[in-house]
Structure formats: C-alpha cells, structure tokens
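Please look over the sequence and the model before reading on.

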Amino acid sequence: MLTFKAILLLFLVVCAVATSLSKNLLTSVVIYMSYSLVMCILWILLESPDLAITEAAVGAGVTTLLFFITLKKIHAMKDMQIKKKGERGQEEKGLEKGGEGAQ
C-alpha cells in the first residue's frame, strides 16, 4: 500500500509540473483534471471521504467544466481544431504531389 501511495504522489507531482509547463491550454486542462482525480484517490486513501467527494465534484467536475467553457468562449478550442485541419491539409497536398508519403 505504501508503494501505491508513493506512485500516486509521484504522479501528482508530475501532473502539477506538466500542467504548468504545457503550452497547449486544452492539454493543461486535461492534465489538471487528472491531477484532481489522483488527489481524490489520495483523500480516499487518507480516509477522508468527505474531502474526496468534494475534490471529485469541484476539482475534477465543476472546475474542469468551467475551464472547457472558458476555452470555448475565447475560441481557443476552435483555433486548435483549425490548426490541426491546416496541418492535415498540408499533409494531403504533399501526398497528392508525390511527397514523402507517396507509394
């Protein structure tokens, strides 16, 4: 059980660092959501079910939902989708012209 707690704590630190270093906002929100879920598991292991429920509801639920809505309102998610479509379009043009992926 001690090993499991140590792994969860290590994962918690990795999530915290990855959230702060991530350049993509959507990725940061998803990593933050996983951070909250791990924190919820840790609260359960520490025998604090009331805090675990609160962390799951507020940290992983409501806060993540608010972040997604904010990203949608500032058009950050739409911009990411447009960039991905542009990259796919360039790859398809390369294939049509006999680029790297042509067989």
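## A pair of tyrosines

Tyrosine 32 and tyrosine 35 sit three residues apart in helix α2, which means that about one helical turn separates them. Helices here are DSSP runs (H or I, at least four residues), numbered from the N terminus.

Two aromatic pairs are counted in this predicted model. Rings of Phe, Tyr and Trp (its six-membered ring) pair if their centres lie within 6.5 Å; planes under 30 degrees apart count as stacked, over 60 as edge-to-face and the rest as tilted. The rings of tyrosine 32 and tyrosine 35 have centres 6.4 Å apart and planes at 15 degrees, so this pair is stacked.

## Helix α1 against helix α2

Helix α1 (residues 2-21) and helix α2 (residues 25-45) have axes that come within 9 Å and cross at roughly 155 degrees. Axes are lines fitted to C-alpha atoms over the stretch in contact, and angles run from 0 to 180 degrees between N-to-C directions. α1 and α2 are therefore roughly antiparallel, a term for angles over 145 degrees.

The contact (heavy atoms within 4.5 Å) includes Phe4, Leu8 and Phe11 of α1, and Ile31, Tyr35 and Val38 of α2. By class, the contact of α1 with α2 has 16 nonpolar, three polar and one charged residues. Ala, Val, Leu, Ile, Met, Phe, Trp, Tyr, Cys and Pro count as nonpolar, Asp, Glu, Lys and Arg as charged, and the others, Gly among them, as polar.

## Helix α2 against helix α3

Helix α3 (residues 49-73) packs on α2 at an angle of about 175 degrees, with the axes 8 Å apart. That makes α2 roughly antiparallel to α3. Among the residues in contact are Tyr32, Met33 and Trp43 of α2, and Ala56, Phe67 and Phe68 of α3. The contact of α2 with α3 has 18 nonpolar, four polar and one charged residues.

## Confidence and conventions

The protein averages a pLDDT (the predictor's confidence in each residue, from 0 to 100) of 83, and 74% of the residues score at least 70. Confidence is lowest in helix α4 (residues 76-96), at a mean of 64, and highest in α1, at 94.

Residues are numbered from 1 along each chain as its sequence is written, and side-chain values use heavy atoms, leaving out hydrogens and water. As this is a predicted model, local features need pLDDT of at least 70 and side-chain atom pairs count only at pLDDT 80 or more, while totals for chains, interfaces and linings use all residues.

Key:
Helices (H or I, at least four residues) and strands (E, at least two) are DSSP runs, numbered from the N terminus. Angles under 35 degrees count as roughly parallel, over 145 as roughly antiparallel, 65 to 115 as roughly perpendicular and the rest as oblique.
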